[in-house]
Amino acid sequence: MNRKFSPARLFLIILLITLVSRVNAQSTYYVNDNSIGGDVFTSAVGNNANAGTAAAPFATLQHAVTTASDNDIIFVDAGSYAEQVIINKGITIIGAGQTLTFFTPPATALVPAPGPFTEIGLFETTQGIGDVHIRNISVNSVNGSSQNIIIQSGGSVTNCTLLNGGQGIFFRVDPTTKTALIENNTIQPNGIGINCQGSGLTAIIRNNTITKTSEYYAGVFAGLDFGPLPGLIFTNNIINNFASYGIGILAASFNGNINYNSFTGAGTAINRNNNGGNTLLATCNWFGSSNAGTVASKISGTINYTPFL
């Protein structure tokens, strides 16, 4: 007997198969080191031969990233992980806390970020991928020869501790239109704390502390490589002990402002290169002094910095 299905029935069958496949697809993965001490996500030590569940987690974040698909979430439990992580898809990585989940360089040599650039990061992404979100981890580049995190896409870095990187966070996209959120991080850089570049990148940088006992080059660079950022919101950040710039900005007609930040360092607090036609709004910031002349010496470029705190 030749049974034929109507178009409506075929549609329902295809829809059912699609829904079942989505239900069965794993979208959350777990990583743990070789200890269960202090763990909050998992109940066993990690092994890359495991299924990547909470009860049978992977041992390395890189293996989890390779296994995951776009938009998946990876939870990394408390512990120490000596690895470089190369991210080639839009995913979310969540640690157990910036005082619980620690990443340091592996014994093997690090490789540059995939793409035309030569920078090397302990965490780094490829280009042309979805947004990447990283939060609640600690990344220590140890000797400062690499960057802590390089993201060649949009996304976010939040609630992280980033130590001894040539750059703490480097968002670098061009010319794709993307948004970067950098929030609630503690950064102790060897060179630059935060670097945001890309003619299509809107950067929201707030509630970060960038400081170190020894001087470093600059707290923040914004739009100095690929042209002005189309948008910049920079608020409630603490930037201390910089040698050259608190924040260095390419002249831009971006929408945004620089407000309620604290700049205390030997260098220029706000440096604007190649002044454009607009006036950069940077009112209500603290520049380490209440003396108008001292504050003026900390400003370079067409900037409205009064009233200052």
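Colleague: Where is alanine 269 found, and which residues does it touch?

Modeller: Alanine 269 is found in strand 25, residues 268-273; strands here are DSSP runs of E with at least two residues, helices are runs of H or I with at least four, and both are numbered from the N terminus. Contact means heavy atoms within 4.5 Å, and, if residues up to four places away in sequence are not counted, alanine 269 touches Phe242, Tyr245, Gly246, Ile247, Phe263, Phe287 and Lys298.

Colleague: How do you know how far to trust the model, and what is its pLDDT?

Modeller: pLDDT is the predictor's confidence in each residue, from 0 to 100. The mean for the protein is 90, and 89% of its residues reach 70 or more. Over residues 19-24, however, pLDDT stays under 50, and the model has 0 contacts beyond four places in sequence for them. Where pLDDT is low, the predicted coordinates should not be read in detail.

Colleague: What makes the pair of arginine 172 and glutamate 119 a salt bridge?

Modeller: A salt bridge is a side-chain nitrogen of Lys or Arg within 4 Å of a carboxyl oxygen of Asp or Glu. For arginine 172 and glutamate 119 the N to O distance is 2.5 Å, and the side chains meet in a salt bridge. Arginine 172 lies in strand 13 (residues 167-172) and glutamate 119 in the loop between strand 6 (101-104) and strand 7 (121-125), so the pair ties together parts that are 53 residues apart in sequence. Arginine 172 has a relative accessible area of 10%, and is therefore buried.

Colleague: How many salt bridges does this rule give?

Modeller: The count comes to 3 salt bridges. Another joins aspartate 131 with lysine 178, whose closest N and O atoms are 3.2 Å apart. Here aspartate 131 sits in the loop between strand 7 and strand 8 (132-135) and lysine 178 in strand 14 (residues 178-183), 47 residues apart, so that distant parts of the chain are linked. Aspartate 131, at 35% relative accessibility, counts as partly exposed, whereas lysine 178, at 18%, counts as buried.

Colleague: And what is the N to O distance between glutamate 183 and arginine 206?

Modeller: Their side chains meet in a salt bridge at 2.7 Å, N to O. This pair also links distant parts of the chain, with glutamate 183 in strand 14 and arginine 206 in strand 17 (residues 201-206), 23 residues apart. Glutamate 183 is at 16% and therefore buried, while arginine 206, at 30%, is partly exposed.

Colleague: Which residues have the most contacts inside the largest nonpolar core?

Modeller: A nonpolar core is a set of buried Ala, Val, Leu, Ile, Met, Phe, Trp, Tyr and Cys residues joined through side-chain atoms within 4.5 Å. The largest has 60 residues, and those with the most contacts inside it are Leu61, Ile74, Phe123, Phe263 and Ile270. Leaving aside neighbours within four places in sequence, leucine 61 is in contact with residues including Val31, Ile74, Phe103 and Phe123.

Colleague: Which other residue has a positive phi, near 60°?

Modeller: That is cysteine 284, again a residue other than glycine. Cysteine 284 is found in the loop between strand 26 and helix 3, and at 18% relative accessibility it counts as buried.

Definitions and conventions:
Residues numbered from 1 in each chain as written. Predicted model: local features only at pLDDT ≥ 70, side-chain atom pairs only at ≥ 80, totals over all residues. Heavy atoms only, no water. Buried < 20%, exposed > 50% of the residue type's maximum accessible area, 1.4 Å probe, protein only.
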